[in-house]
Amino acid sequence: MAKDPKSDQSRAKPTGAAQPDFLSLDTLNALNSGTHRQPFDVLGPHESGKRRWIVTLQPGAASVSARVGGKETTLARTSGDVFAAAVPGQAYQLVVSYPDGNVVELLDPYAFGPVLGDIDTYLLGEGTHRQLWRALGAHVIQHEGADGVHFAVWAPNAQRVSVVGDFNHWDGRRHMMRRVGDTGVWEVFLPALGEGTLYKYEVIGQDGTARLKADPVGFGSQHPPEKASVVRDIDGYGWKDAGWMQRRKAAGDVAAPVSIYEVHLGSWRRKWDEAGRPLSYKELAQELVAYVTEMGFTHIELLPISEFPFDGSWGYQPVGLYAPTIRFGPPHEFRDLIDAAHGAGIGVLLDWVPGHFPTDDHGLAQFDGTALYEHADPREGFHQDWNTLIYNYGRTEVKNYLVSNALYWMEEYHLDGLRVDAVASMLYRDYSRDEGQWVPNKDGGRENYEAIDFLKEMNTAVYAAHPDGMTVAEESTSFPGVSRPVDQGGLGFGYKWNMGWMNDTLSYMQRDPIHRQYHHDNMTFGIHYAFSENFILPISHDEVVHGKGSMLTKMPGAEGEKFANLRAYYAYMWTHPGKKLLFMGCEFAQPEEWNHNAALNWGILDQPAHKGVQKLVRDLNHLYRDTPALHVKDCEGDGFAWLNGDAAQSTLGFMRKGAEDDPPVVVMCNFTPVMRSDFRVGVPVPGHWEEVLNTDSAVYDGGNRGNLGGVDSAPQAADGQDHSVQLVLPPLSVVVLRWRKDET
């Protein structure tokens, strides 16, 4: 067992044995107590008095010797657990004997030079290291001829930092780290360690208090509720997605179809034969990818998978920003999931959380005994809504930590984009705060200049390195230019969630149809600003939790009407300008609210109505992807025009256009339970209009009322057009018509 650093033995006076001049009593006491600030200055091999001395700290050892070649030299106990002797030669091994007879042979970490080079040191000092994860964290490497792990961590205000783990009995005296100049970074190379090693940093702040911390740049963690970091070798993965990466630019272009399936990996499906465990990354690589492919989505968006301690946070309170959660497997298996998705032509987005972090003791809070990553003032640094801490975006190193993390996921895991959580909470200093609870900016306003600069810098860095990638803002206010390029005065995101459209349209759909005529603008107002940003229309996890009910239970009417309303709403969403996002389970009208502790209710698909909604979403995805008029100008005003809108009847119709040669599409919606069998709507060109989708089709468990596959136009003016068609509009339905060039 390791000795108490405050014990009498560790504070013993020198024995009088020969020892180097640099081992003063104060130095010996600092080594024994584990408080020496520069242990590499005294431990390991050093020249003194024309002799080569070896000094080592070995708590609990009975004796220590140094082996050079075939010869061993006994090291004398100088004080407490510090041993020293003059030992000629170069490379050596330490042989440590313990009172129980156990003998350990090891390489001395203090015999190795620094790992971080001049460029790394310079960039770390500046706080501008764009590949921070290549310098900090725990890396399995070969250094000066030995295999081991290099540890490096930023803790500028610490008195001392050590690596601790099972390998050293969690004793912070054994592997104290070297401070790297004025960078605030500490490093040490520990030979003989490797993949799977458990570790933490023991950080002693200026107040003398020791804190055990997980690695802020660690690549792996233990299974929660355990809290140690785990050494993971993330090099050497054999990616097979070169073809996808080459053609990804087209998939990320604003003119491309984007239909996103939002997934919480822990509750999508579970293995009922094994106590209901979640699927692993490798199982998801098969089952989830196959399902998304069949359903026709273009992208998967993962709720946060950066390591997090509490399941109930759904990943939105991350502790390990650089570690894919171990809940579903190690890092390479997470790569298996991404690789499989890319092989199927599906992009993967990560829900990324740079807005706040939890107060857990092993996390970033008071990391080196000071408010390092967070603000010291709770009016700036504490989220009252979530009981979390807010990053200090004005600190260069913290901003760099986050920007590097964004690049890390794109580069190391080939992710296709990031959805940035809670952007509104970052943009405003008074977010969810009363008067007197927030600190104005330097101009006396509420805008958080530092957070705005961070978001601009992050987007600039991501698009510079990955112009074919995608960043998406969950931003619920009218902050201008969220998806405008930075060089044009915007924040630089590729897309923004259209929360206004979602709130207005859901409010409309939840009303009894008899009252909808008085709220018609809820369905039409969104077009007034639909092209002010590059919008994604989101029906996310937030809409099916916390008592909000499921998408199905939001709909009014008897059971059949609920399904008809939901089918009509989905068709309106998929034909409306804007990219699409739908949370898992919503695609088959799961009747229950989402529960992160249970799998989706897949058994409900035995019922035709639920199966019908699933088929509709599949067909909507394929129609959206295969019809340029429905996606090419999602973010351009000249791709949309109103055709018909009658509030009294709760009907509305519109036209979608793509490029000049793309067949136009006409969409007609009936949001009442009234059948309209002789409904005239204007069309932009004469000819045959094919009924390519009808939400009342029997295929979707509807009433199968429609237009027998299509209609021909007549030279009768309507809705501002010279030609029109006469339609059957089933109750609570949407009919989609596409002009067919070969029948004009």
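This is a predicted model: local features need pLDDT of at least 70, side-chain atom pairs count only at pLDDT 80 or more; totals for chains, interfaces and linings use all residues.

Author: Residues are numbered from 1 along each chain as its sequence is written, and side-chain values use heavy atoms, with hydrogens and water left out.

Reader: What span does helix α10 reach from its first C-alpha to its last?

Author: Helices here are DSSP runs of H or I with at least four residues, strands are runs of E with at least two, and both are numbered from the N terminus. Helix α10 covers residues 449–465, 17 residues in total. The expected span is 1.5 Å times one less than the number of residues. For α10 that expectation is 24 Å, and the helix comes close to it, reaching 24 Å.

Reader: Which elements do the buried residues of α10 pack against?

Author: Buried means under 20% relative accessible area, exposed over 50%, and partly exposed in between (1.4 Å probe, protein chains only). The buried residues of α10 include Ile 452, Phe 454, Leu 455 and Met 458. With contact meaning heavy atoms within 4.5 Å, the partners are β22 (347–352), α8 (396–412), β25 (417–420), α9 (423–427) and β26 (470–473).

Reader: How much space lies in the largest cavity?

Author: A cavity is a set of points on a 1 Å grid over the protein atoms alone where a 1.4 Å probe fits but cannot get out, and lining residues have an atom within 4 Å of a point. Grid points are joined across faces, edges and corners, and volume is the space filled by probe spheres set on the points. The search of the whole structure finds 4 cavities of 30 Å³ or more. The largest holds about 180 Å³.

Reader: Which residues lie nearest the centre of the second largest cavity?

Author: That cavity has about 140 Å³ of space. Its lining is made up of 18 residues, and those nearest the centre are Leu 124, Leu 132, Leu 136, Trp 154 and Glu 397.

Reader: Is His 541 buried or exposed?

Author: His 541 sits in the loop between β28 (535–539) and α13 (551–554). Leaving aside neighbours within four places in sequence, its contacts are Glu 262, Leu 303, Trp 314, Tyr 316, Phe 583 and Trp 594. Its relative accessible area is 2%, so His 541 counts as buried.

Note on methods:
On a 1 Å grid over the protein atoms alone, a cavity is a set of points where a 1.4 Å probe fits but cannot get out, and a pocket is an open set with protein on both sides within 12 Å along at least five of seven lines; lining residues have an atom within 4 Å of a point.
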